[in-house]
Amino acid sequence: MNTNTSFLLNGHAVDLAGADPTQSLLRWLKSRQQHGTKEGCGDGDCGACTVAMIETDAAGRSHYRAVNSCLLPMGALPGREIVTVEGLAEGERLHPAQQMMIDGAGSQCGYCTPGFVMSLFVGTHDGDLSDHCIEGNLCRCTGYRPIRDAAKRLAALPIIEDRFGATLQQPRTALSSARVGDFHNPTTVAEALALKQQHHDAIWIAGATDLGVNLSRGQTVAPSFIALDRIAELQRIEIGDDAARIGAGVSLSRIEHELAGQFPLLDDMLPWFAAKQIKNRATFGGSLGSASPIGDLAPILLALGGDVHLAGPNGLRDLPIDGYFLDYRKTQRHPDELIVAVTLPKPHDLVTASYKIAKRQTDDISIVAASYAIRLDGERRVQHVRLAYGGIAVIPKRAVSTEALLLGQVLGDALVERARAALVEEFTPLSDHRADAGYRRALAGNLFVKFVAEKLA
Amino acid sequence: MSKPTTHESAVGHVTGRAVYADEQHPPQGLLSLYPVQAPHAHARILVIDTTTAAAMPGVVAVLTAADIPGVNNTGPIVHDEPVMPADIVSFHGQAVAWVVAEDEAQAAAAAKAVRVDYEALPPMLDVQAAIAANAFHLPPAKVERGDVVSGLANAPHRLHGELMIGGQDHFYLETQACWAQVDSEGTVQLTSSTQHPSETQHMVAHVLGIPSNRVVCRCLRMGGGFGGKETQANPFAAAVALAAWKTGRPARVKLHRALDMQLTGKRHPFFARFEVGFDDDGLIHAARIDLVADGGWSVDLSPPVLMRAMVHVDNAYFIPHIEVIGRIAKTNLASNTAFRGFGGPQGMVVGEEIVDRVARFLGLPVDQVRERNFYREGETPDRNQTHYGQPVVDNELPTLWAQLRARSDYDARRADIDAFNRTHAQTKRGLAITPVKFGISFNKTEYNQAGALVHIYTDGSVQLNHGGTEMGQGLHTKMLAVAAKTMGVSVSRIRIMPTSTDKVPNTSATAASSGSDLNGQAVKAACETLLARMAPVAAASLGGDANEVMFENDRVFLRDRPDVSLAFEDVVRSTYNARISLSATGYYRTPGLSWDPKLGRGHPFYYYAFGAAVCEVEVCGLTGVQRLLRADLLHDVGDSIAELIDRGQIEGGFVQGLGWLTSEELRWNTQGRLLTDAPSTYKIPTVGDVPEDFRVDLYRRTKPPSTNVIFHSKGVGEPPFMLAIAAREAIRDAVAAFGDARVVELAAPSTPEAIYNAIVKVRGA
């Protein structure tokens with residue numbers, strides 16, 4: 001494993017020897033007096049610290065990805081290339097993303113501005129300058145209208161051939177194994193499992209969108225880390241006739257794009273799952289691994305009846321998602337096992353949809369998430385039904401009683417009303433700062449009503 | 001006058017080169033601070049043991065109340081705010097000590113090791129509990145007119161209601177930050193992210209027990225303020241100044257987001273009760289309104305916030321007989337403070353609630369009832385006088401309102417929406433138009449003054465200092481425009497300096513939408529003084545009369561001989577050679593103001609800003625999720641000094657108001673700990689909340705103003721915030737369409753959950 005490590009910051013090599021691997025890139029930049037990148041929250045929720053990171057796909061094509069530098073541990077950086085706001089302008093010549101922000105009065109206090117500029121910069125390269133490009137950036141001054149307009153004007157510009165585009169064209173080899181202190185970056189599953197045998201108290205870390213928050217807040221997470229974000233085996237998406245096998249390390253952004261149109265449940269959910277900076281780093285495996293009761297992907301897997309594939313010291317295990325979640329943040333996965341992939345059966349003739357309700361509809365954590373899969377025969381008799389929820393119990397859960405009530409019955413108004421009433425009673429959710437239990441219960445029922453009205457009318 | 005087309009710091013913003021308080025070149029030996037936070041909302045401090053912490057790596061000092069050489073207080077009105085409490089903890093998370101260490105991580109680690117023993121005391125955690133316990137700051141305030149008892153008794157109809165309005169975190173992107181250093185001469189040099197450098201200076205002097213002339217406070221720029229740094233920058237400045245004073249080394253603090261949200265006060269939650277008497281046409285005869293602001297643990301700015309609510313509860317409506325009583329609940333929560341609108345928004349939400357209740361009671365269209373109750377000029381009997389005795393100066397609102405109705409196609413859309421609602425059972429649309437009338441000036445008369453200091457150097461370059469602070473609102477951009485226009489020179493000739501108390505002393509907070517009005521006039525006065533000194537010098541060269549000298553386009557000439565001109569810098573040089581001062585102060589006080597806080601009467605506002613908004617929303621009956629489909633805003637900024645700045649204030653204020661009334665919800669646990677202390681749990685609007693169809697227009701006045709505001713502009717910082725009330729009322733309109741209720745109760749903020757609950761109630765009615 002390479003211990004002589006460095007990364008490229010705005011084209012300049014930076015030696016990582018002696019760096020604290022758990023320190024965020026943001027704090028590291030600040031310690032180097034590079035203050036262009038701002039800290040608005042340190043939790044990955046405001047985007048003021050957005051930087052661009054180059055990612056090379058399996059086909060060898062490189063892309064800029066907007067990421068929150070507050071959630072990016074220095075330990076994950078060996079061999080990576082980062083562009084910050086300081087790297088955009090050449091002397092007094094501004095990048096178009098910067099110029100458009102000026103021309104349209106896109107900055108007021110200026111503190112969120114570098115983050116927006118970096119999101120727009122990435123947007124000019126990946127071709128998405130819609131609202132989704134800047135949804136992960138909070139601005140408290142402008143009301144966003146001038147920034148949205150800056151994005152539109154940027155989108156209307158002819159494609160720029162500049163040094164940033166040229167950088168992407170350079171050939172790149174896959175990232176090699178590396179270590180920064182107690183932060184290990186293996187490149188194969190076997191290497192990762194072997195490291196885990198050597199360091200039993202190490203924690204798996206994927207995109208660091210969850211653990212990165214703890215690290216950013218200065219909490220002690222684990223004595224050592226095994227990062228999973230440069231293991232090629234975990235980065236594959238295999239699409240078959242009956243199912244898609246998604247590598248545990250595939251980012252949600254890639255899932256959103258590469259599986260678009262094949263799984264309505266994903267198409268409904270991923271645009272609202274989180275902001276782009278998060279989706280560029282968060283993974284399916286990480287979402288299941290953290291086993292959050294409000295993870296928005298588990299209900300999809302539950303609704304389609306998918307499988308979770310684990311690798312451990314004793315080999316591979318394939319577990320059905322049903323029964324995978326045991327208790328609050330407890331699953332059947334043994335601590336030294338690794339999620340390597342999930343299999344998502346194709347819906348074929350099922351009618352499916354996902355719903356997510358949150359206090360704010362963009363970039364928020366669910367109050368209730370629901371994923372539904374149902375098949376009716378010609379007489380509207382329910383032949384197959386799975387109703388899965390997040391946010392209503394200590395684990396993501398199916399409404400099995402209501403499913404039983406529905407199965408074999410003709411789906412008419414009376415049955416929908418009975419199902420709604422049953423769903424309200426099926427769970428005993430908590431009241432918390434997001435919502436009261438009563439609202440969660442009501443949503444459990446009403447989202448099914450909405451599903452029937454929208455998809456099965 | 002050439003109007004600015006960019007923010008003066010725009011290039012700095014987009015390149016990341018603009019420097020904020022915590023981003024300066026660090027001096028040798030810079031220390032960092034971290035607070036020791038109380039785990040109780042109310043408790044007695046028994047003992048603070050710093051021994052272990054003080055011995056930890058990097059720790060230089062652990063500061064407690066005992067270390068304060070001067071007065072342990074930063075309360076701006078009442079001296080009830082210790083920098084660190086000596087005995088009683090007053091809110092959850094309060095800083096009872098500050099650890100000073102070589103770096104922030106060391107300070108944070110040591111803060112955990114400070115042992116504090118507490119005796120927990122029963123906390124007061126909300127307005128209702130405080131009302132029940134009769135726990136208030138200060139005596140009640142009252143504003144009244146006419147005879148409310150007989151007014152109510154004689155009205156054909158009466159109704160009453162109550163409303164709880166939630167608070168709002170400022171969520172400025174740059175959290176509270178301050179650096180302090182005691183220089184070689186013993187002067188305390190502060191760089192603070194503060195809206196009120198003079199008060200920060202004075203508070204630090206008090207705390208250190210030194211005269212104000214030994215403290216200089218500078219503000220470079222803020223990453224947002226919104227009122228949250230009007231007084232609340234002071235305790236953090238005091239803590240770092242104390243650290244620098246005690247250790248002899250420079251010190252800094254910049255709060256992490258969760259700390260900032262836990263430690264600082266917010267927009268006041270309000271509880272309102274009202275009784276209103278009205279006739280068949282919805283014309284209001286009388287109202288009795290009881291407002292209780294949740295002040296939090298200390299007084300801070302609560303009295304003027306409450307008073308502004310009390311004098312804006314009428315919004316745009318004439319109420320002949322009215323009694324408004326206001327109280328400030330004393331609770332064990334962070335001390336609530338100034339926030340854009342300063343109580344005005346809460347008062348106006350109550351006013352609009354009343355009008356809506358009246359309209360629905362009578363089954364009349366709400367927009368008609370609003371219009372009927374407007375203040376209007378030139379009617380007999382008079383209906384243009386507010387309940388505090390001031391006429392609605394230059395009342396343009398009825399005209400503005402009519403223009404917006406037409407421009408937004410209100411009537412046709414009303415019909416379309418009603419048709420849509422008849423055919424959709426689970427989705428309803430709502431439409432509302434609401435007015436804004438907002439008084440401009442500080443309620444407290446003495447704050448309505450400002451100063452400026454302008455230097456011209458012999459090369460013809462100009463340095464501009466004024467007392468206002470830049471928090472993103474574009475004040476510096478406007479001041480540059482004022483100076484350039486007054487002196488007839490290009491903006492590129494002028495350099496604006498960081499706000500500093502050694503340049504302009506005894507300034508007022510940059511607040512109350514008055515930054516441009518006050519400082520603009522002071523800048524203009526300073527520039528005019530300089531021109532008056534230069535004019536005779538130029539006149540002598542040009543062979544004319546000083547009164548005929550014109551300064552335009554960086555040239556100086558006689559009015560009727562513009563072809564013979566001198567370069568501005570040449571006149572500067574000649575003035576210097578003639579031994580005439582090229583440095584001048586400017587000073588301004590707003591004319592004609594008076595206010596008797598005891599009687600609640602006077603002429604507190606120089607003028608009013610007017611605006612109106614139309615919002616259209618769609619609400620899902622199954623989930624309560626709403627979407628703002630379109631917003632039309634028409635706002636009166638007078639003759640704009642910088643249109644792009646003013647539009648930015650209007651759009652930004654509206655969206656901030658939208659957040660307050662929809663997604664921004666503060667929740668505490670039963671121990672008084674703030675649960676929503678991060679953007680993961682506290683949801684300010686994103687771009688996704690802003691309608692694609694967002695139309696903003698500046699109102700053109702129909703007649704010249706009777707006041708003399710700087711270049712006939714109008715203050716614009718706060719008033720547009722309240723345009724967002726149209727979104728709340730549009731949501732209410734949509735909720736109403738789910739049933740046939742004569743009362744539509746809607747919580748504030750209207751989260752999806754709150755909207756859903758309102759729909760359930762309407763459906764059940």
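Which residues is B:Val454 in contact with, leaving aside its neighbours within four places in sequence? The tour of this predicted model begins with that residue.

**Stop 1: B:Val454**

Select B:Val454, which sits in strand β17 (residues 449-456) of chain B. Beyond its neighbours within four places in sequence, the residues in contact with B:Val454 are B:Val462, B:Leu464, B:Ala483, B:Ala526, B:Cys527, B:Leu530, B:Ala584 and B:Gly586. B:Val454 counts as buried because it has 26 C-beta neighbours inside 10 Å, and 20 or more are required for that class.

**Stop 2: the domains of chain B**

Colour chain B by its domain assignment, which gives domain 1 (10-15 + 29-122 + 170-263), domain 2 (270-443 + 597-764) and domain 3 (449-589). Between the C-alpha centres of domain 1 and domain 2 of chain B the distance is 36 Å. Where these two domains of chain B touch, 25 residues of domain 1 are in contact with 24 residues of domain 2. The domain 1 side of this contact comprises ten nonpolar, eleven polar and four charged residues.

**Stop 3: the interface of chains A and B**

Display both chains. Here 60 residues of chain A are in contact with 60 residues of chain B. On the chain A side, at least two residues each come from α2 (96-103), α3 (113-126), α4 (131-134), α5 (145-156) and α16 (437-455). Of the chain A side, α16(A) gives the most, with seven residues. By class, that side has 28 nonpolar, 17 polar and 15 charged residues.

Now centre on B:Val14, in helix α1 (residues 10-15) of chain B. Not counting residues up to four places away in sequence, B:Val14 touches A:Leu94, A:Gln98, A:Met101, A:Ile102, A:Ser107, A:Thr113 and A:Val117. With 30 C-beta neighbours inside 10 Å, B:Val14 is counted as buried.

Move along chain A to A:Ala105, in the loop between α2 and α3 of chain A. A:Ala105 is not a glycine, yet its phi is positive, at about 55°. Most residues other than glycine have a negative phi. A:Ala105 has 27 C-beta neighbours inside 10 Å and therefore counts as buried.

**Stop 4: helices α18 and α19 of chain B**

Select residues 725-736 (α18) and 752-764 (α19) of chain B; these helices pack at an angle of about 40°, with their axes 9 Å apart. Their crossing is right-handed. From α18(B), the contact is made by B:Ile731, B:Val735 and B:Ala736, and from α19(B) by B:Ile755, B:Ala758, B:Ile759 and B:Val762. This contact has seven nonpolar residues, no polar and no charged ones.

Buried residues of α19(B) include B:Pro752, B:Tyr756 and B:Asn757. To see what covers the buried residues of α19(B), show β17 (351-357) and α16 of chain A, along with β27 (607-620), β28 (626-635) and α18 of chain B, which are included in that cover.

**Stop 5: two cis peptide bonds**

Select B:Pro749, in the loop between α18 and α19 of chain B. A cis peptide bond joins B:Ala748 to B:Pro749, with omega about 5°. Finish at B:Pro381, in the loop between α11 (366-372) and α12 (397-407) of chain B. There, the bond joining B:Thr380 and B:Pro381 is a cis peptide bond, with omega about -5°.

Key: Residues are numbered from 1 along each chain as its sequence is written. Chains are lettered from A and ligands numbered from 1 in the order in which they are written. This is a predicted model: local features need pLDDT of at least 70, side-chain atom pairs count only at pLDDT 80 or more; totals for chains, interfaces and linings use all residues. Two residues are in contact if their C-beta atoms, placed from the backbone, lie within 7 Å. Helices (H or I, at least four residues) and strands (E, at least two) are DSSP runs, numbered from the N terminus. Ala, Val, Leu, Ile, Met, Phe, Trp, Tyr, Cys and Pro count as nonpolar, Asp, Glu, Lys and Arg as charged, and the others, Gly among them, as polar. Domain bounds come from an automatic or database domain assignment. Axes are lines fitted to C-alpha atoms, for helices over the stretch in contact, and angles run from 0 to 180 degrees between N-to-C directions. A crossing is left-handed if the near helix is turned anticlockwise from the far one by less than a right angle, and right-handed if clockwise. A residue is buried if 20 or more other C-beta atoms lie within 10 Å of its own, exposed if 12 or fewer, and partly exposed in between; C-beta atoms are placed from the backbone.
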